[in-house]
Amino acid sequence: MDEQKLPESCCVKGDDSCVGAPYPFTADTVWQEGCYNSFNDWVKDHIGVIAGVSLGFLVIVVLAMVFGCCMIKDKTEYV
């Protein structure tokens, strides 16, 4: 069977020292928690910041649209 290798991002040291590591992997060479779970935990911890920034951008876009419509409404002569 073809041997599958771990990507470098799985190595604790951040280099390719664990790419050829034999199974079972140890906690000192390979991250034990997967990227998906880590990302989900990070999003859950920072959901307030993510929502705040998103709402801030939404307010800016809506205000820009309103001001743009007001500027066009007042314009009587088209070039």
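I count a disulfide as a pair of cysteine sulfur atoms within 2.5 Å. In general terms, a disulfide is a covalent bond between the sulfur atoms of two cysteines.

Entry 1: I note that the model is predicted. I searched for disulfides and, by this rule, found zero. Then I checked accessibility. Cys 70 is partly exposed, because its relative accessibility is 38%. Cys 35 has a relative accessible area of 58%, so I put it down as exposed.

**Entry 2: overall fold.** I counted two helices and zero strands in the protein. How much of the protein is buried? Of its 79 residues, 5% are buried. I also looked at contacts between residues at least 6 apart in sequence; 3% of these join residues at least 24 apart.

**Entry 3: surface.** The protein exposes about 7,200 Å², and carbon and sulfur atoms supply 66% of that area. Which residues form a nonpolar patch on the surface? I listed Leu 55, Leu 58, Val 59, Val 62, Leu 63, Met 65, Val 66 and Phe 67. Together they have about 750 Å² of accessible area.

Entry 4: I picked Val 59 from the patch. I found Val 59 in helix H2, which covers residues 47-74. Its relative accessibility is 47%, so Val 59 counts as partly exposed.

Definitions and conventions. Residues are numbered from 1 along each chain as its sequence is written. This is a predicted model: local features need pLDDT of at least 70, side-chain atom pairs count only at pLDDT 80 or more; totals for chains, interfaces and linings use all residues. Side-chain values use heavy atoms; hydrogens and water are left out. Patches are made of residues with over 30% relative accessible area and no salt bridge: like charges are joined within 9 Å, nonpolar side chains (Val, Leu, Ile, Met, Phe, Trp, Tyr) within 5 Å. Accessible areas come from the Shrake-Rupley method with a 1.4 Å probe; for residues, only the protein chains shown count as cover. A salt bridge is a side-chain nitrogen of Lys or Arg within 4 Å of a carboxyl oxygen of Asp or Glu. Helices (H or I, at least four residues) and strands (E, at least two) are DSSP runs, numbered from the N terminus. Buried means under 20% relative accessible area, exposed over 50%, partly exposed in between (1.4 Å probe, protein chains only). Contact means heavy atoms within 4.5 Å.
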